[in-house]
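Trainee: I would like a close look at one residue, and then at how the parts around the chain are held to each other. Please keep to the computed values.

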Amino acid sequence: MAHPLQIIVTGDSEKDYFVLRQENLASIIAKIPDDAKVSIVSVVGAFRTGKSFLLNFFLRYLRTEHGGDGTSSWMVAEGDELTEGNMNEGGWNLVEPEHATSPTAASTKTDGSSGEDSTMKEVMSTSTGRQTLKKEASFAWRGGQERQTTGIWMWSEPFIRTTSASGGEKLAVLLMDTQGMFDNETTMTLTAQIFGLSTLVSSFQIYNVDKRIQEDNLQHLALFSEYGRMALSSKDSTPPPQPQDPMENLPAPPSDASVDAAPVMPPLPPTAAEAALGASETTEAAKKGEKSKKEEEKEEVKPFQRLQFLVRDWQNFDGDYEEGQDISAFKALHDEMQKYLSDVLKTRGLGDLQSTREQITRCFEKLDCYMLPHPGFSVTKKNYDGSISKIDPFFRALVNQYVRILFDTELEAKVINGRKLSGRELQTYFEVYVKMFQAGQKSFPKAMTMLDATAEANNRNAYDLALSYYKTKMEVAAGADKPYIKEVDLQKVHDALYIAAFEQFDEIATMGAKNVIIKMRDQLKEAIEGERERYFSTNALRNPFRDVELYILPMGVAVVSWLCAVLVNASCSTDFCEATEDTFVNVYLFVFFCIIVLAWRHIRGAIIYAKDILLPMAMAGANANSSSGGSGAASDVAAGILGSISDKTKQKTN
């Protein structure tokens, strides 16, 4: 009996892991015919919003020979009660599998190689150690608030179909159910990985949202689709090319299925995304004329195919629709759905709102919307028995039309890099993408909650302000245009500013986890130490007495030469003596000139130092000098900085 198989096992808030169940995926892929392309329909969204419940209607429709009569008779073709997968009180229609988990899965490493792996063994032990598992004959669903689906599950058998969008090409349709987002037990990184992988492999992704499309739905979609796009653009995300069947491109002969297939619905109007975001492009095209083929080829290829917002429990339908009613009534409702999405995605003036919408539209080739009303309050109760008759007729009528549009008209093959995928190729991509997400901690930025993002921004601001405060005050004391200051005085300034900067950081950096704040504090410490080295090195270069020993020997030569010239001039007046005197004069003048040129910076520093330090000391007298410890202009600046820090500390204390 066909049943769902878990293909991705995930961790929780205690431990993150993202493991591919390769044997389960391989068993599904093996059932795909060689002459069929693969199409994956996945459902993602917040937990407890009816994703698995909807998938069971998909299964009933795909398993039933509906005959193209347009009615919802397929809903009750397998019974008047939706018992398959029902996990409500009573445990409806559960069947024991041959084994709860694949015995060889425990010996499969997360990277796909054989051998023992502690992570996988732990996963298997949590699946089998507590109780004997049961496989539902459908995707498991139930009422209540507790989560039901974990990881990613796929139906064990493909459904072979042809659709209008596929041009009659045979499609192997795979249904995929995903763990609900924001279930209080799954980290944001794992949530992003689940959503990202589903987006990467799906040809038709259904984004299940509750009651309306809110701004946070769009923001999460933008974040998670970007996570998937980064994986897709990674240099390791493209698997090696698969051998191509030389007969693959030949036209397929008409099959019995295509001859006997039920008539499909006529094409519906353009999607809302095309209406909302394509209007300006259409106007622009009318002005500039039709683009050439080369220009079109240069356009950026959107990484993902189809995303549909499925709004559940929508309460604001303008009209009504019942089974058997004229199709124009449904088309009016469908137009209403697309108009709603058009209003949601229309251009916004505010930058952050518009950037979110641009991010979404640049990631997906097609965007549209479908809406379902509330199925009825009896369905949400824990003791709901699955009775189809208890489901609201309006809900049933719209679901009937929905599955026909999806599986008879809209569905297309999965396309990556312009190539329609076979089952074998899909398996390769699955393995590559999972490896990318497993290595995501090194490759991708960490997905964060709103609180984490706010805390990081707040702590980063505290870091920037504290570092800026330190640098600003140090510039006053020992900037590039400041005179030399004694190192002991500069050290006092540094110590005081160091303490004041960290007080400022601690006052602001109060959000987020303690270890995150400590990490940012350590980064600030490293940055301040780096700035300290820079200021102390620059100040040392201005020391007028630095490297004075290098000039002692040349100065000695110059002085001796000058004395010799004076001595020769006083004791001898012959031509030889005059020549000797000129030689000594030339020597000491040359030496003095070289010293002035080479040591001008030191000489200038000595002049400034004498003016700012020595002259005030001489004027103040020896006693004032000893009591002030050599105070001058530079030292006064240091003292002023220390005084301002002290006053600021006193104000905080008071």
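Trainee: Which does Asn-24 count as, buried or exposed, and at what relative accessibility?

Mentor: This is a predicted model, in which local features need pLDDT of at least 70 and side-chain atom pairs pLDDT 80 or more, while totals for chains, interfaces and linings use all residues. Residues are numbered from 1 along each chain as its sequence is written, and side-chain values use heavy atoms, leaving out hydrogens and water.

Asn-24 counts as buried because its relative accessibility is 10% (buried is under 20%, exposed over 50%, partly exposed in between, with a 1.4 Å probe and protein chains only). Asn-24 belongs to helix α1, residues 22-29 (helices are DSSP runs of H or I, at least four residues, and strands are E runs of at least two, numbered from the N terminus). Leaving aside residues up to four places away in sequence, Asn-24 touches Leu-5, Gln-6 and Ile-7 (contact means heavy atoms within 4.5 Å).

Charged pairs come next. The count is 16 salt bridges (a side-chain nitrogen of Lys or Arg within 4 Å of a carboxyl oxygen of Asp or Glu). One of them joins Arg-60 to Glu-78, with 3.9 Å between the closest N and O atoms. Arg-60 is in helix α2 (residues 51-63) and Glu-78 in the loop between α2 and β4 (94-95), so the pair ties parts 18 residues apart in sequence. Arg-60 is buried at 0%, whereas Glu-78 is partly exposed at 38%.

Glu-215 and Arg-357 form another salt bridge, at 3.0 Å between the closest N and O atoms. Glu-215 lies in helix α5 (residues 215-233) and Arg-357 in helix α10 (residues 351-361), so this bridge ties together parts 142 residues apart in sequence. Glu-215 is partly exposed at 25%, and Arg-357 is buried at 3%.

Glu-531 and Arg-534 meet in a salt bridge of 2.7 Å, N to O. Both lie in helix α16, three residues apart, about one turn of the helix. Glu-531 is buried at 15%; Arg-534 is partly exposed at 38%. Shared partners also join Arg-60, Arg-63 and Glu-78 into one network of salt bridges.

Helix α16 (residues 514-541) also packs against helix α15 (residues 487-508), at about 160 degrees and with axes 11 Å apart (axes are lines fitted to C-alpha atoms over the stretch in contact, and angles run from 0 to 180 degrees between N-to-C directions). That angle makes α15 roughly antiparallel to α16 (over 145 degrees).

Conventions. Angles under 35 degrees count as roughly parallel, over 145 as roughly antiparallel, 65 to 115 as roughly perpendicular and the rest as oblique.
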